[in-house]
Amino acid sequence: MRGRAPVHRYLLAFPAGVVFSLYWFPAVPAPQVLCGLLMAALIALLRFPTVGMLLLGGFWALFHAYLTQQDQLDPTLWAQSKVIDGAVVSIPEPREGFIRFHFRPLDRSLPRRILVRWYRDWPEVKAGQQWRLQLKLAPPRGRVNFNGFDFEKWLFAQKIGALGSVKTGTPLRAKKTSPAVWLLRIREHLAAGIQQRSGHNAGLLQALAVGERSRVSERQWELLRATGTSHLVAISGLHIGLVAGLGLAVGRLAFSIAPYRLLRLGAIRSGVLLGMAAALGYAALAGFVVPTRRALLMLLIGSFGLLTRRHPAPWLAWRWALFAVLLVEPMAPLRAGFWLSFGAVAVLIYGFSNRGGGVGRARSFARAQWLVIVGTLPLSLWWFNRWSPAAWPANALAVPLFSLLTVPAVIGALLFWPVAGISTTLLRLADRLLDRLLWILDWLDIPPLEWYGQAGWPTGIVLALATAAVLAPRGWPGRIPAAVCVLLLWASPRQLPAPGHWELHLLDSGQGLAALVRTRHHLLLYDTGPGNGQGRDLVDSTLVPAIRAYPGSLNTAVVSHQDLDHAGGVATLMQHYPDLHWLISGRDLRQADATELSCDTRRRWRWDGV
């Protein structure tokens, strides 16, 4: 066990155990099984360290999953109302018709974190405040559908043990304030100031400045996802690197004018220390989310190498960052941000590690975009069932605009925050730059390539290996067969009903109805689920992801009657599918349209023999 190779194996074995246990165990094991797993890991460490670290990673993830499961709401309290004293431990997020926030009860018999929604006439709620709330409690459950966002998994990863709806609330006087609460209040103050000082892109600016993304509009999110540029909004390597570079430059300048030469630290060390401090502060403002932690850890490892005159290899820094993130937060692999963040950096290291020097900056930049966009294709399919061919030109234009102009303007606004005039000017400049960027993305927006149905583990592994071969250096055997393999996976025939046959998929839409009927070449939606008829419905979260899981487009929508539990999503669905053929029972759901026909028992048609 000499040299670096064993250390590398140990560092990868622990994350492998974490991921394997989270995705392959059907349920959290009993405490006796966990104790046996820990003992096996400790014994294996003495003789087979790699196996021991693998088992230790599995134990660590399952142990945290066990603690999270034990911290969920007692079934005897389901659907019960209870008066609870506690504190607001997140920045409240305004939504359509309600606000939501994380609430930590003082009662130790309740879950440590409750996701609270406050409907109708809510007061001003701020982070760190203490409240006495009468909550109607519910277990941390989500809708069960074959496509779309897995809300229940998100709740589990966030360690949320219950859901609560506020009936009444009374503010209490806070007894003490922790550093975490002070940080939340600073982030909330900055987010509110950005809302006042900037324009209509305030939500994107809040995401770039303090990691608060609740005010980014759904249209903006959809445009960023469709063009493969949503990573620009997450505070990660690009943003942390810019802040650290600014700190490095300021530190070197301070060294050149300091009377005592900064205690003989030297120009480089002075800049590195200030850059590390600046990056740490910016990461704190971002809330230490997973992409930020990854970027910060890799930066700190590289900075430590500069301070000690030891330069760790990129793969070693990546593995240490991966190990540290999972040691602190073993539930991180349940979120897409973890995979996309570490996956993008791994692809860049892989793509540039075997290339010689002498490549210009423009070619290096273009290759980096190509590597990230193609290299993260398996992850995009796994998490979102789609991949955007517009991502390469969109990122080629958006990344320079972000890195050279928009992000520096936002960082400058934070640095000059006490000087309202300068800060406001910089924020409005960043807002106008975002206008230009969104216009470019809208122009580049083309329909993404959809992966119909769920990409399983075998398909994902094959696609990942084929993608790695495609991105290998020139001369590497198998590049062309791997490219053919990727194309064949895209072109593989989908499982469609045979002529004369049909399939019915009933969607989990809560108190309402929505069903999809598929024949070989057609798709029909029966009812649109519950809603208020004014935008609060399940179209974006449930219906559209389910429709996208099928080849082709939606052909016809039938609305059985006008109750809002069946027709609540009509208005939103019409915005998504303006040319859709409608059969509506009644004519007052909207103004008459040429494609709308009355729904009656005499109307018949035949699709693919059905």
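The second largest pocket of this predicted model is lined by 34 residues, and Trp318, Trp339, Gly343, Leu379 and Ala464 lie nearest its centre. A pocket here is an open set of points on a 1 Å grid over the protein atoms alone, where a 1.4 Å probe fits, with protein on both sides within 12 Å along at least five of seven lines; lining residues have an atom within 4 Å of a point. The model is predicted, and local features need pLDDT of at least 70, side-chain atom pairs pLDDT 80 or more, while totals for linings use all residues. Residues are numbered from 1 along each chain, and side-chain values use heavy atoms, without hydrogens and water.

The structure holds 15 aromatic pairs, where a pair is two rings of Phe, Tyr or Trp (its six-membered ring) with centres within 6.5 Å; planes under 30 degrees apart count as stacked, over 60 as edge-to-face and the rest as tilted. Two of the pairs are set out below.

| Pair | Centre to centre | Angle between planes | Class |
|---|---|---|---|
| Phe149 and Phe151 | 6.5 Å | 50 degrees | tilted |
| Trp318 and Phe342 | 6.2 Å | 80 degrees | edge-to-face |

The pair of Trp318 and Phe342 links distant parts of the chain, 24 residues apart. Trp318 is buried at 12% relative accessible area, and Phe342 is buried at 3%. Phe149 counts as exposed because its relative accessibility is 55%. Buried means under 20%, exposed over 50% and partly exposed in between (1.4 Å probe, protein chains only). Trp318 and Phe342 also belong to one aromatic cluster with Tyr23, Trp315, Phe338 and Trp339.

How values were computed: Helix = DSSP H or I, 4+ residues; strand = E, 2+ residues; numbered from the N terminus.
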